[in-house]
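Here are some exercises to work through with the model open beside you. Try each task before you read its solution.

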Amino acid sequence: MSMKYVYFFGDGKAEGKADMKNLLGGKGANLAEMTSIGLPVPAGFTLTTEVCTEFYKNNRQYPAELKGQVEEKLKQVEALMNKKFGDKKNPLLVSVRSGARASMPGMMDTVLNLGLNDETVQGVIEQSGDPRFAYDSYRRFIQMYANVVMDMDGDILEHLLEQMKEQRGVELDTALSADDLKELVSQFKNKVKEELGREFPEDPQEQLWGAIGAVFGSWMNFRAITYRRLNNIPAEWGTAVNVQSMVYGNMGDDCATGVAFTRDPSTGENYFYGEYLVNAQGEDVVAGIRTPQPINKAKHKPGDLPAMEDVLPDCYAQLAKIRDILEKHYKDMQDIEFTIEKNKLYMLQTRNGKRTAQAAVKTAVDMKNEGLISDKEAVLRVEPAQLDQLLHPSLDPKAPKTVIAKGLPASPGAACGEVVFTADEAEEAAKIGLKVILVRVETSPEDIHGMHAAKGILTARGGMTSHAAVVARGMGKCCVAGCGDIVVNYRAQEFTAKNGVVIQKGDVITLDGSTGEVMKGEVPTVQPELTGDFGQLMAWVDKYRRLKVRTNADTPKDAKVAREFGAEGIGLCRTEHMFFEADRIMAVREMILAEDLDGRKRALTKILPMQKGDFIGLFREMKGLPVTIRLLDPPLHEFLPQQEADIDELAKVMDVTAQMLKNKVEFLHEFNPMLGHRGCRLGVTFPEIYDMQVQAIMEAACELIKNEGFSIIPEIMIPLVSEVKELAILKANAVKIADDVIARYGVEVEYLIGTMIELPRAALTADAIAEEAEFFSFGTNDLTQTTYGLSRDDAGKFLPFYVEGEIFPTDPFVAIDQAGVGQLVKMGCEKGRAARPAIKLGICGEHGGEPSSVIFCHQIGLDYVSCSPFRVPIARLAAAHAVLKEEK
């Protein structure tokens with residue numbers, strides 16, 4: 001039996017359904033589903049993602065059965081629509097669109113009005129009685145096909161269109177006459193031949209297969225590859241192709257096209273949100289060429305363009321009913337596309353809508369409260385990485401600001417940076433650490449890499465459902481769209497605001513994506529307040545997760561922030577950060593420069609009370625919660641100046657000769673300090689350093705227990721152990737110091753001594769190390785470096801090429817390498833538990849706040865993850881996802 005590659009939908013019947021997204025893509029599966037539940041969907045068929053796979057596997061050749069299956073389904077569509085593809089008198093015209101299983105708005109190609117040529121256009125005129133509509137559709141088709149299929153620069157034909165409007169003294173395409181458009185068609189075809197050296201194809205079958213090939217080909221275009229990389233979409237998924245009979249929103253004033261969301265995708269508010277254009281085709285709305293009108297009057301303000309609710313009331317009422325049907329059916333906020341032809345409504349697409357983090361949280365909580373979904377489903381509706389948007393500062397409402405323009409609040413948040421005018425400039429600037437705002441007349445899918453790199457996006461044209469708005473919301477980027485108050489001049493690299501203010505490339509501006517305001521200069525920000533819907537969602541999160549979430553914090557301030565975000569202790573306090581404080585760095589340097597043990601001890605005595613004060617502050621903020629303190633880790637040379645002028649200055653302050661200081665710096669210099677005299681190796685050779693730190697930790701704990709009734713279990717962590725004997729020596733020293741302090745204070749204190757597993761040998765011998773260690777904390781930053789043989793500080797020069805070239809699936813310093821580094825962590829856990837069943841296991845590298853890494857940590861049985869304060873809620877949500885996805 002031959003493989004089925006093509007699936008039909010139309011007239012209430014469909015061969016596919018919603019759960020076939022892997023095969024039919026999101027668009028194809030949902031077109032089939034909408035057809036099956038009785039919604040008005042123009043008939044068509046879907047070529048499966050398996051065709052795409054075969055297409056690339058066989059050097060862009062199709063399976064042998066495909067052509068016959070397409071012809072068969074095309075005949076079904078012809079019969080249903082009572083039209084014939086390529087017929088001179090009554091032609092069927094079709095659209096050809098992409099549709100991957102994951103939504104990729106605007107990243108792949110579309111061709112509309114396919115099937116038009118010099119003969120069929122006469123049939124369209126005969127059937128519609130409207131030559132202007134026929135030639136408008138024809139010129140649009142040539143523009144799209146020449147660009148998408150024939151790979152001709154789209155600006156060339158766009159320039160001819162602008163030239164025609166200028167000659168006729170009109171601003172809008174809709175003001176051109178039938179004769180004007182007919183002349184444009186001729187100009188377009190001549191220009192195609194002039195530019196490409198070949199005729200524009202007249203044969204509808206050639207057009208159809210050209211468009212199908214172009215859509216499959218667009219799966220591997222630059223913007224699609226970039227989008228997949230940014231959103232972790234595998235290349236092997238492929239795209240489907242949807243061929244659908246055309247319906248027209250550009251046949252007159254009783255026609256329209258629009259895009260809508262069943263709830264506000266920026267805020268999550270439960271009202272019907274969308275835009276439409278009278279006498280237009282779908283691309284006009286998302287491209288931002290004309291200013292769209294709102295679909296309803298819910299947020300109508302004086303001066304706004306008329307709403308669809310008033311202009312086309314019957315169609316609006318039908319659309320509002322469909323909105324309710326779709327939300328109840330899919331149980332999620334939907335992003336829909338529709339066309340109205342001669343007062344008849346057609347549905348062209350539905351998909352789960354891209355939304356901001358704020359909207360995701362509110363929609364999830366509201367839908368649970370409305371009885372549409374359970375609390376478990378509400379938790380799964382919010383992607384952990386999205387929460388990052390909610391956890392960062394917004395503009396200070398009390399701060400002074402100079403507003404120079406106002407546009408549409410397309411994607412909320414605050415962004416500040418230097419102005420750039422091209423996506424390439426944005427990407428290059430971001431590579432060297434600059435914060436930039438990408439300013440465009442309007443964005444297109446080709447700008448995807450620059451939009452990702454920029455802190456915010458400002459466009460002069462486009463609406464709330466334009467490309468810029470939809471993509472920015474999906475990325476969580478601040479965006480102000482349709483800002484008619486500015487005029488962008490690419491050539492001069494500047495834009496001029498309505499009040500005459502000129503902003504040039506490199507000037508700093510601030511955007512408020514929640515109000516649409518554009519401000520000159522930098523505006524101060526305030527910390528977020530997380531209450532209400534967020535609090536409710538996180539309560540459900542904590543109900544289901546097993547994995548504990550701690551924070552990496554070195555100061556009481558960081559600890560306080562983390563605790564407010566729900567941290568359940570400190571998983572990593574890096575004591576070396578305390579050594580760099582201005583009030584103690586000189587004592588640290590005195591200790592390093594000391595010629596003997598007594599000299600080092602004298603310096604350490606000065607540091608002791610400062611360290612104790614640090615730990616008291618941390619213990620206070622984390623009252624009742626565990627605190628893991630890592631003893632000194634970096635090599636000593638890091639605390640000394642390296643430049644000659646700095647050395648001379650320090651020599652004067654410390655009353656030593658500059659030569660002596662230089663000699664010490666040279667003596668401590670290491671060719672590879674990451675693998676040098678650091679961590680436990682320092683503790684073994686200079687035990688007095690760790691002795692002082694353990695004394696400071698235990699004195700801080702004892703004082704709080706004795707004087708303030710605290711319950712504290714300090715966890716003392718010895719770094720960079722590769723051999724159990726290192727840990728045995730340092731643990732014995734630490735126990736002696738700790739017990740002496742406890743006896744001196746006369747209190748009872750439970751404490752733990754453990755180690756960081758950050759070297760492959762430590763993971764391989766974890767059973768032996770667990771004989772001494774009461775806990776393991778996997779330091780996956782260094783474990784990744786030492787497993788791969790990569791320096792994190794230097795790998796940035798080539799790692800992006802490895803990721804882009806798919807040598808590595810992701811940056812291993814961002815998401816844990818589960819096949820390599822992850823297996824060492826898993827082995828360490830298993831060996832550690834085998835030797836000491838009650839051992840406590842955690843992770844404290846940056847991976848502790850990355851969602852896929854958190855899920856992996858849950859799967860291998862860690863007790864906790866630890867991450868930076870602002871990533872604590874992300875880790876909590878990812879830990880809940882890990883549990884709930886196991887139940888599915």
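**Exercise 1.** Find which side chain makes a polar contact with the side chain of arginine 550, and say whether arginine 550 is buried or exposed.

*Solution.* Start with the contact: the side chains of arginine 550 and glutamate 715 are joined by a polar contact of 3.0 Å. Such a contact is a pair of N or O atoms within 3.5 Å; within protein, one must be able to donate a hydrogen and the other to accept it, and residues adjacent in sequence count only if both atoms are side-chain atoms. Finally, arginine 550 is buried because its relative accessibility is 4% (buried is under 20% relative accessible area, exposed over 50%, partly exposed in between, with a 1.4 Å probe and protein chains only).

This is a predicted model, in which local features need pLDDT of at least 70, side-chain atom pairs count only at pLDDT 80 or more, and totals for chains, interfaces and linings use all residues. Residues are numbered from 1 along each chain as its sequence is written, and side-chain values use heavy atoms, with hydrogens and water left out.

**Exercise 2.** Work out how many disulfides the model has, and why cysteine 416 has no bond.

*Solution.* Apply the rule, a pair of cysteine sulfur atoms within 2.5 Å: the count is zero. Cysteine 844 is in no disulfide either, with the nearest cysteine sulfur, that of cysteine 857, 11 Å away. Now check burial: cysteine 416 counts as buried at 19% relative accessibility, and cysteine 844 as buried at 3%.
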